[in-house]
Amino acid sequence: MNFINSIDDLFHMLDRYAEGVEWNTFYIKRDKPAPFLKYNKLPDKCVVDFIREHNIKNACEFGCGEGRNAIYLAKNGVDTEAYDLSEIAIENAKRYARESQAERVTFKAENIFALDFMDQKFDLVIDSGIFHHLAPHRRLQYRDIVSSILAENGYFILLCFAAGEDGADEVDDYEFYRSKQTGTAFTEERLKEFWGEKLDVADIRKGESILDNQMWESEYLYVCVLKKGS
């Protein structure tokens, strides 16, 4: 028999009502039309632009995939920790980091909800693919994690599916559980409402279709820059 005696018990029960992605299989098969698989060594344009304009000493990336953003940060003098659920993605990221001689990055295959950052603080946190795959109850927990590890005046860069584009459909939070979604898109208003509870919105814009030999960006995403006030 199963009993709910704690918030963790409740969250684990709700997890069963969300249809997760098997990320190791995703990275082994590589049969999905995901740009971050095709351009897996190119950082996001917003990350490149941000680093050019800000003096960042340390950073943390959640859902780092094969390390494209984290390696870019490390090669530009930023001490970086990067996490992903997929052991396959992390193995590839470590190999690419060695090949590019990016020494200031640590990759770990971890569930972010099981991590303990203690009193660790980061100037920059990046998410280029986790938030829009989280079930509503995990989004709330995730928002607390991001806010807690940001230093005062630290920044959070979030890329997520934009409503009305090809990434995913917008689904209300009740329907997410009924239809067993694997992802959902957001409107600008919803992003401001949700993240504005914890962070200041510095900028939200629709992505553009951009690709060169240094970076890429997609029009099906929102690019969000949020800041933790002092």
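Arg-138 counts as buried, because its relative accessibility is 9%; buried means under 20% relative accessible area, exposed over 50% and partly exposed in between, with a 1.4 Å probe and protein chains only. This is a predicted model: local features need pLDDT of at least 70, side-chain atom pairs count only at pLDDT 80 or more, and totals for chains, interfaces and linings use all residues. Residues are numbered from 1 along each chain as its sequence is written, and side-chain values use heavy atoms, with hydrogens and water left out.

**Overall build**

- The chain holds nine helices and nine strands. Both are DSSP runs, numbered from the N terminus: helices are H or I with at least four residues, strands are E with at least two.
- The chain is as compact as a globular protein of 230 residues, because its radius of gyration is 17 Å, close to the 17 Å from the globule rule. That radius is taken over C-alpha atoms, and the rule is 2.2 Å times the number of residues to the power 0.38.
- Along the principal axes, the C-alpha atoms fill a box of roughly 50 × 45 × 35 Å.
- Of contacts between residues at least 6 apart in sequence, 72% join residues at least 24 apart. A contact means heavy atoms within 4.5 Å.

**Surface and charge**

- Buried residues account for 50% of the 230 residues.
- The accessible surface is about 12100 Å², and 45% of this surface belongs to carbon and sulfur atoms. Such areas come from the Shrake-Rupley method with a 1.4 Å probe; for residues, only the protein chains shown count as cover.
- There are 29 positive and 42 negative side chains. Lys and Arg count as positive, Asp and Glu as negative; His and the chain ends are not counted.
- The centres of the two charge sets lie 3 Å apart. Each charge is placed at NZ of Lys, CZ of Arg, CG of Asp or CD of Glu.

**Salt bridges**

- A search of the whole structure gives 16 salt bridges. Each is a side-chain nitrogen of Lys or Arg within 4 Å of a carboxyl oxygen of Asp or Glu.
- One of them joins Arg-138 and Asp-15, at 2.7 Å from N to O. This pair links distant parts of the chain: Arg-138 is in helix α7 (residues 136-149) and Asp-15 in helix α1 (residues 7-15), 123 residues apart.
- Asp-15 has 26% relative accessibility, so Asp-15 counts as partly exposed.
- Asp-49 bridges to Lys-45, with the closest N and O atoms 2.6 Å apart. Both lie in helix α4 (residues 45-53), four residues apart, about one turn of the helix.
- Lys-45 is buried at 18% relative accessibility. Asp-49 is partly exposed, with a relative accessible area of 21%.

**A salt-bridge network**

- Arg-190 and Asp-173 meet in a salt bridge of 3.5 Å, N to O. The two come from distant parts of the chain, 17 residues apart: Arg-190 from helix α9 (residues 188-195), Asp-173 from helix α8 (residues 173-178).
- Arg-190 is partly exposed at 26% relative accessibility. Asp-173 is partly exposed at 27%.
- Salt bridges with shared partners join Arg-139, Asp-173, Arg-190 and Glu-193 into one network.

**A buried loop residue**

- Ser-218 sits in the loop between β8 (216-217) and β9 (221-227).
- Its relative accessibility is 8%, so Ser-218 counts as buried.
- Ser-218 touches Gly-207 and Glu-208, leaving aside residues up to four places away in sequence.
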